[in-house]
Amino acid sequence: MIRKADLTDAPAIAAVHVESWKTTYRGIVPDAYLETLAVEEKQTLWEKGLSQADHSVFVAEENGRVVGFISGGRNRASGGPAAQYDGELYAVYLLKEAQGKGLGRQLVQASARDLAQNGIHSLVVWVLAANPSRGFYERLGGKKLAEERVEIGGKALWEWCYGWQDIQTLN
């Protein structure tokens, strides 16, 4: 089941956020950094995000348990090709056991519909190039627009930007 998130979902979203980082980015991001991730810190972040009217957040549930989430809103880019797009997916995460079931696609579609209702017609997402799930965005029709170096836990990594000129293509 996919549904709009509310403030009571913050602890579950935080737990998925931390767990999915630890499973997805093991071997990519330094282990020492992954071990510093704390559900309590992420919960505070998500309580703030869920309180913002312009922040669209949906969760995926299986058997009443949150197993994934997506958040999006206005594009934060200030320059480059990504800045020409209205909206941005800020985060898309699923627990490892929830992947491959179509929940990611359903989350993106729910977010795209919600963002379109708020006047967003195009979309970008930034993804670590080494992320094993990066192909998900390509299968959804995302076109690579840009790449940039980022530093996580003291390690330089490449991040790729994918874009959709028409958000309707995601539905």
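This is a predicted model: local features need pLDDT of at least 70, side-chain atom pairs count only at pLDDT 80 or more; totals for chains, interfaces and linings use all residues.

Me: Is Ser122 buried or exposed?
Reply: The cut-off for buried is under 20% relative accessible area. Ser122 has a relative accessible area of 7%, so it counts as buried.

Me: Which residue's backbone nitrogen lies 2.9 Å from a polar atom of the Ser122 side chain?
Reply: Leaving out residues up to four places away in sequence, Ser122 touches several others, including Gln84, Tyr85, Trp164 and Ile167. Asp86 is also one of the residues it touches. The backbone nitrogen at 2.9 Å from a polar atom of the Ser122 side chain belongs to Asp86.

Me: What about Ala82: how far is it from Leu123, C-alpha to C-alpha?
Reply: Ala82 is in the loop between β3 and β4, and at 3% relative accessibility it counts as buried. Ala82 and Leu123 are 41 residues apart in sequence, while in space their C-alpha atoms are separated by 8.7 Å.

Me: Now strand β4: how many of its eight residues are buried?
Reply: Strand β4 covers residues 87–94. It is largely enclosed by the rest of the structure, because the buried residues among its eight number seven.

Me: Which residue in β4 stands opposite Gly73?
Reply: Strand β3, residues 65–74, pairs with β4 in the antiparallel sense over seven bridges. Opposite Gly73, on the β4 side, stands Glu88.

Me: And which residue of β5 is the bridge partner of Leu89?
Reply: β4 and strand β5 (residues 123–128) run parallel and are joined by three bridges. Within β5, the partner of Leu89 is Val125.

Me: What is the handedness of the β-α-β unit that β4, α4 and β5 make?
Reply: The helix in this unit is α4, residues 103–117. Together with β4 and β5, helix α4 makes a β-α-β unit that is right-handed.

Me: Which backbone oxygen does the side chain of Gln109 reach?
Reply: Gln109 has its place in helix α4. Setting aside neighbours within four places in sequence, Gln109 is in contact with Leu170 and Asn171. At 3.4 Å, its side chain reaches the backbone oxygen of Leu170.

Me: Thr169 next. How far apart are the C-alpha atoms of Thr169 and Asp114?
Reply: Thr169 is in the segment after β7, and at 52% relative accessibility it counts as exposed. Its side chain reaches the backbone oxygen of Asp166 at 2.8 Å. Thr169 and Asp114 are 55 residues apart along the chain, and the separation of their C-alpha atoms is 14 Å.

Me: Let's look at helix α3. What arc do its buried residues cover around the axis?
Reply: The buried residues of α3 are Lys42, Trp46, Gly49 and Leu50. They lie on the same side of α3, because the arc they cover around the axis is only 85 degrees.

Me: Which exposed residues are on the face of α3 turned away from that buried side?
Reply: The buried residues of α3 pack against α1, β2 and β3. The face turned away from them carries the exposed residues Glu40, Glu41, Thr44 and Lys48.

Me: How far apart are the end C-alpha atoms of α3?
Reply: Helix α3 has 12 residues, 39–50. At 1.5 Å a residue they should span 16 Å. That agrees with the model, where the end C-alpha atoms are apart by 16 Å.

Me: What is the phi of Asn63 near?
Reply: Asn63 sits in the loop between β2 and β3, where it is exposed, with a relative accessible area of 83%. Its phi is positive, in a residue other than glycine, and is near 50 degrees.

Me: One more: which residue takes a positive phi in the hairpin of β6 and β7?
Reply: Strand β6 (residues 143–152) and β7 pair in the antiparallel sense over nine bridges, and Val150 stands opposite Leu157 in β7. The hairpin has two residues between the strands. The one with a positive phi, near 60 degrees, is Gly153.

Methods
Residues are numbered from 1 along each chain as its sequence is written. Side-chain values use heavy atoms; hydrogens and water are left out. Buried means under 20% relative accessible area, exposed over 50%, partly exposed in between (1.4 Å probe, protein chains only). Helices (H or I, at least four residues) and strands (E, at least two) are DSSP runs, numbered from the N terminus. Two strands pair if DSSP finds at least two bridges between them. A crossover is right-handed if, with the strands pointing away from the viewer, the path from the first strand over the helix to the second runs clockwise. A polar contact is a pair of N or O atoms within 3.5 Å; within protein, one must be able to donate a hydrogen and the other to accept it, and residues adjacent in sequence count only if both atoms are side-chain atoms. Contact means heavy atoms within 4.5 Å. The expected span of a helix is 1.5 Å times one less than its number of residues. The arc is that of the directions from the helix axis to the C-beta atoms.
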